Amino acid sequence: MKWILILLILPLCCLAVELLVNTYDMTAYLFLNGRRVQFKALCPSDMRSADEFIDVYEPVHLVVDYIPLPNVPLLVSKNGLTLGTKTADIVVPEEVFALLFNHVKSGRTISLTVDRYPIEIYPDRIRVLEPVERRKIEFFLSHFFEKVPPVAGPGEYSLKEEISYQLIVSYFPGLGGAAMAIFESEPIQLTFVHNGVQTEGLCLVLPPGTHSVEIVSSGSTTELDLDFPEQTVRFEPAQIELGSRNEKPLKFLSGLLSTDSFSYPGRYVALEYLGNELIVHDLTVKDSTPPELVMNTKLIDSMCYIQLQAEDVSPYETFLYLDGERLPVERGGVLKLESARHTLIGVARDAFGNATYRVLVLESMQDFLMFTEEITINVGGFKFFSPYLKWRIFDSASYEVKVNEKTFRIEKSR
């Protein structure tokens, strides 16, 4: 008898120790400790069994010779089947029997499956030669494949994975285009042939013009004729005021909608198509408008209430200066004036350095004056009679001062 023993070290889906015997061609498979051992076995061709080897038999020496006990070691299953190198229900090679015998003798078990599987497995295909139940096909193939191939019945099934993908062609006039593969399963590298040059990848990017491209995948070739139109490209830089709204039908590469306003400073790139011309807009959004600033004051004797109100599209800061000294307040407060005349400056400056100034000259009331006789005061057509007068200098309501080419209006506090 000629035995064939093939030892394969392969990753297995089934980690349990199992002996599988195919009575169709008497090929047996042992799955043991991460190994798959393939060999030839002998058993009745009509044997069907789902069993388990649980014990070993070792020959005993008797004085009498009329008790017919086997004189070779055997494995014994739950259902009484035996396995050995000769005179057993299932006969296997000595090397395989040694592996099985030592395993069971150490107290472990081996599952046994014996059935007819008219299936042949080749590196590139599977052949089912007779009608067989689908569950038996899946059970048999599950010992050899992590993912059982879709095999339904008699016939030949290719093991070559079919690559299914869709080819998407997109282009930007004047900039060129790309041919990109979208795979239905795991993506693989394709071979693109253009002008005799091979490139591997998932896509091919080409400049404007007419191109002939071949795409090679699993031995098949797809030919493409691509025409990416030429177009004049013009670059236009521009500055946009922060907060303004876009009025042109632009395509922003950042995803900004063409109807959105420019709410954030920075740089934007947008495309505009005008016939055969592509305009690339390089937009710089900045704030060039100083904040609006209102400064309110109210004098009560030696106390002065100050309030700053500012508004701007950018973040801003406000400052107060009294007689050249910066005050530790930003939006206002109450000050005590030590003398009769002071200069108050309010400043609002945004993040772009744009600044607005307000300048006020604060003058407190003079003391009461008393005359020796009652006098008549005429104010706006109304006459007042009193020996007392509290008065201020109203020689001019406001005047302008020019400093560093900037003009400031100085108003006298009332």
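Is Asp115 buried or exposed, and what is its relative accessible area? Asp115 is buried, with a relative accessible area of 15%; here buried means under 20%, exposed over 50% and partly exposed in between, using a 1.4 Å probe and protein chains only. Keep in mind that this is a predicted model, where local features need pLDDT of at least 70, side-chain atom pairs count only at pLDDT 80 or more, and totals for chains, interfaces and linings use all residues. Residues are numbered from 1 along each chain as its sequence is written, and side-chain values use heavy atoms, with hydrogens and water left out.

Back to that aspartate. The side chain of Asp115 meets that of Lys136 in a salt bridge, 3.2 Å from N to O; the term stands for a side-chain nitrogen of Lys or Arg within 4 Å of a carboxyl oxygen of Asp or Glu. This pair links distant parts of the chain, with Asp115 in strand E9 (residues 110–115) and Lys136 in helix H2 (residues 134–141), 21 residues apart. Helices (H or I, at least four residues) and strands (E, at least two) are DSSP runs, numbered from the N terminus. Lys136 also counts as buried, because its relative accessibility is 15%.

The structure holds 13 salt bridges. Another one joins Glu156 and Arg127, whose closest N and O atoms are 3.8 Å apart. Glu156 sits in strand E12 (residues 155–158) and Arg127 in strand E11 (residues 125–128), so this bridge ties together parts that are 29 residues apart in sequence. Glu156 is exposed at 54% relative accessibility, while Arg127 is partly exposed at 30%. Both belong to a network of salt bridges that links Glu120, Asp124, Arg125, Arg127 and Glu156.

Now for helix H1. Buried in H1 are Val96, Phe97, Leu100, Phe101, His103 and Val104. Looking down the axis, the buried residues of H1 fall within an arc of 165°, so they line one face of the helix; that arc is taken over the directions from the helix axis to the C-beta atoms. The background is simple: an α-helix has 3.6 residues a turn, so residues three or four places apart point the same way. Turned away from the buried side of H1 is a face that carries the exposed residues Glu94 and Asn102. Just after H1, Gly107 takes a positive phi of about 100°.

Lys105 lies in H1 and Glu58 in the loop between strand E5 (49–57) and strand E6 (74–77), so the pair ties together parts that are 47 residues apart in sequence. Lys105 is partly exposed at 49%, and Glu58 is partly exposed at 41%.

What about contacts across the sequence elsewhere? Ser288, in the loop between strand E23 (277–286) and E24, is 66 residues from Asn354 in sequence and 6.5 Å from it in space, C-alpha to C-alpha. Phe252, found in strand E21 (residues 251–252), is buried at 9% relative accessibility.

One last check concerns cysteines. A disulfide is a pair of cysteine sulfur atoms within 2.5 Å, and by this rule the count comes to 0.
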